[in-house]
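The sequence and structure come first.

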Amino acid sequence: MTAEAPIYTLSEGCPYADPSTAQRFGNSPVKGLMLLQDTQLIETLAHFSRERIPERTVHAAAVGAWGEFEVTHDNSRLTSASFLNGIGKKSKVLLRISTVGPERGSAETVRDVRGWAMKIFTEEGNQDFVFNSIPVFFVRDPIKFPSVNRSHKRNPAKNTADSTMFWEQVLNVTLPDGRWLIPSSSFHNNNQEGIHALMLLFSSRGLPSSLRQINSYSGHTYKLTKEDGSFVYVKFHFKSNQGVQGMSLEQATKLAGEEPEHHTIDMWNAIERGEYPSWTFCAQVMTADQAEKYRWNIFDMTKVWPHADFPLQPLGKLTLNRNPENYFADIEQAAFSPSTMVPGIAPSADPSESPSLRPSAGLLPRAYADRDGAMRYMTNYGDDPNYVRSSLRPVTFRGSLGANGSANGGREHEDWVGKVTAYASEVTDDDFEQARAFWKVLQTAGEQESFVDNVVAHLKSAMARVQQGAMDMFSRVDPAIAKAIKAGLDKHSAIQTDQPSKK
Ligand code: HEM
């Protein structure tokens, strides 16, 4: 708020005497028609019916805050990115943490992955990161993304969440000629590559106690580059300095009714109290040579790089320290584009890395190269020539390599990365190995029982064949999981019929 009281005006800036009056036609005391000449009335009503912007198709509901990123280590061996170099250097940050499936305004304590969209305002332009709260993804082929997300949303007929759709999509039950089919141990053409992500979702990670207590992960493999053209592959992690903490299904369900904005309130109040949440920014680092020899495909987003093989290297610290001044202006209309990278950070051949987000993210005029067009709110570069490389107005070009310095992998490594093909990945037993390791992690954490309860709570309303398909899938991780799920469904008398949940 400015100290001086703002002057009330119409849209074009003309001062106006009273915001509540409207011009009418007619004799007193009968006043009837409203007048089209009444700019205030027309503007007020016209703006009200246009003040919504389309919500994001995924990640619609979110909590956001401002903060700072600080370099805590000497990272010059890894990258020339300016914001990552110079211990103590600070850059302003905007962070938006979202649920994925639910619409804007829905309860925040629902089982879901949390999105982590972040803008670091560096002296070399904005660095956008678009991460998730789990290190792996449900699909490794981006073409499947719309389907996987729609199946987590609403049944198109009933307009309700639908367990059958959710699980069937994972199992890829198909409906040729009106018949329901579940390949019980499919090796081809299904989506069970997402088993590791699915298990994380149904663990305590899927219901965070607060958003201060989540980690976030690039999942994607990036490159960190240096000015000499050399690079390493990295996966980024933000590790919560508050620890990672989940909540029980019962508590989450209660809060969804009693305090649906629980996570917003928690974050807002913590920042107001001066309890600024912070995260350690780390990278797992791999050379091109190691990448070629590694047992997992490093561009497969359904796989982690085990820390035992590639330990976390701390690079910096993120602190959130300021609440939004206006949620719509600061958070809702923020636009994140993962392809916005500063020199020193570059994309890899990771296939899930490319999608650009919110349409408006790509509409802002690029500095210098773009002229005219929508949203040209500055001087449009005056009388500078409107073509590139003019000698009439020399321009400075920084760096020697395009694509953020990532071009130079060496001929053989580029051959290893591959050539253009039409491709759909297949699921093999290898895809269940990391999920099996995670099941053991749940044992150590004493969480196996609650994991099974969480799956049962969701699966219990799915149709019988889908329930059976899910159990077959979990058997491939460990037959004990399927057995426990079966017992849980029996206990709730929740083995359903095979009728698809349709009208
Ligand atoms: C693989 C294919 C993917 C596609 C096609 C895709 C597509 C999208 C779309 C359409 C949006 C909404 C954009 C908007 O309306 O603003 C979105 C948002 C988002 N996505 Fe993805 N996505 C993909 C993968 C991923 C992955 C792997 C991650 C994380 C590792 C991720 C993290 C996010 C986040 C955090 C947002 C919210 C951005 C915000 O806060 O504005 N996405 N994505």
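Helices (H or I, at least four residues) and strands (E, at least two) are DSSP runs, numbered from the N terminus. By that count, the protein chain has 13 helices and ten strands. This is a predicted model: local features need pLDDT of at least 70, side-chain atom pairs count only at pLDDT 80 or more, and totals for chains, interfaces and linings use all residues. Residues are numbered from 1 along each chain as its sequence is written.

**Overall**

A residue is buried if 20 or more other C-beta atoms lie within 10 Å of its own, exposed if 12 or fewer, and partly exposed in between, with C-beta atoms placed from the backbone. The protein chain has 503 residues, and 36% of them count as buried. Two residues are in contact if their C-beta atoms, placed from the backbone, lie within 7 Å. Take the contacts between residues at least 6 apart in sequence: 73% of them join residues at least 24 apart.

**Helix pairs**

Axes are lines fitted to C-alpha atoms, for helices over the stretch in contact, and angles run from 0 to 180 degrees between N-to-C directions. Angles under 35 degrees count as roughly parallel, over 145 as roughly antiparallel, 65 to 115 as roughly perpendicular and the rest as oblique.

| Helix pair | Axes come within | Crossing angle |
|---|---|---|
| H2 (residues 145-152) and H3 (residues 163-171) | 7 Å | roughly 155° |
| H11 (residues 448-459) and H13 (residues 479-491) | 9 Å | roughly 55° |
| H12 (residues 464-477) and H13 | 6 Å | roughly 150° |

For contact residues, Ala, Val, Leu, Ile, Met, Phe, Trp, Tyr, Cys and Pro count as nonpolar, Asp, Glu, Lys and Arg as charged, and the others, Gly among them, as polar.

Start with H2 and H3, whose axes cross at roughly 155°. That angle makes H2 roughly antiparallel to H3. H2 contributes Ser 147, Val 148, Ser 151 and His 152 to the contact, and H3 contributes Met 165, Phe 166 and Gln 169. These residues divide into three nonpolar, four polar and no charged.

Next come H11 and H13, with axes crossing at roughly 55°. The two helices are therefore oblique to each other. A crossing is left-handed if the near helix is turned anticlockwise from the far one by less than a right angle, and right-handed if clockwise. H11 passes H13 in a right-handed crossing. On the H11 side, the contact uses Val 452, Asp 453, Val 455, Val 456 and Leu 459, while H13 supplies Ile 481, Ala 484, Ile 485, Gly 488 and Leu 489. Eight of these residues are nonpolar, one is polar and one is charged.

H13 also pairs with H12, at roughly 150°. H12 and H13 are therefore roughly antiparallel to each other. Gln 467, Met 471, Phe 474, Ser 475 and Val 477 of H12 meet Pro 479, Ile 481, Ala 482, Ile 485, Lys 486 and Leu 489 of H13. This contact has eight nonpolar, two polar and one charged residue.

**Helix H6**

Which residues of H6 (residues 262-272) are buried? They are His 262, His 263, Met 267 and Ile 271. They span an arc of only 155° around the axis, so they sit on the same side of H6. The arc is that of the directions from the helix axis to the C-beta atoms. Their cover includes strand S1 (62-71), helix H5 (249-258) and strand S9 (313-322). On the face turned away from the buried side, H6 carries the exposed residues Asn 269 and Glu 272. Just after H6, Gly 274 takes a positive phi of about 85°.

**Single residues**

His 59 is not a glycine, yet its phi is positive, at about 60°. It lies in the loop between helix H1 (39-48) and S1. His 59 counts as buried because it has 27 C-beta neighbours inside 10 Å.

Asp 372 also has a positive phi, near 55°. Its loop runs between strand S10 (345-347) and helix H9 (411-417). Is Asp 372 buried or exposed? It counts as exposed, because it has 8 C-beta neighbours inside 10 Å.

Trp 416 is in helix H9. With 14 other C-beta atoms within 10 Å, Trp 416 is partly exposed. Its C-alpha atom is separated by 9.7 Å from that of Ala 291, 125 residues apart along the chain.

Phe 281 lies in strand S8 (residues 278-286). It is buried, with 25 other C-beta atoms within 10 Å. Not counting residues up to four places away in sequence, Phe 281 touches Phe 238, Leu 315, Gly 316, Lys 317 and Leu 318. The C-alpha atoms of Phe 281 and Phe 69 are separated by 9.0 Å, though the residues are 212 apart along the chain.
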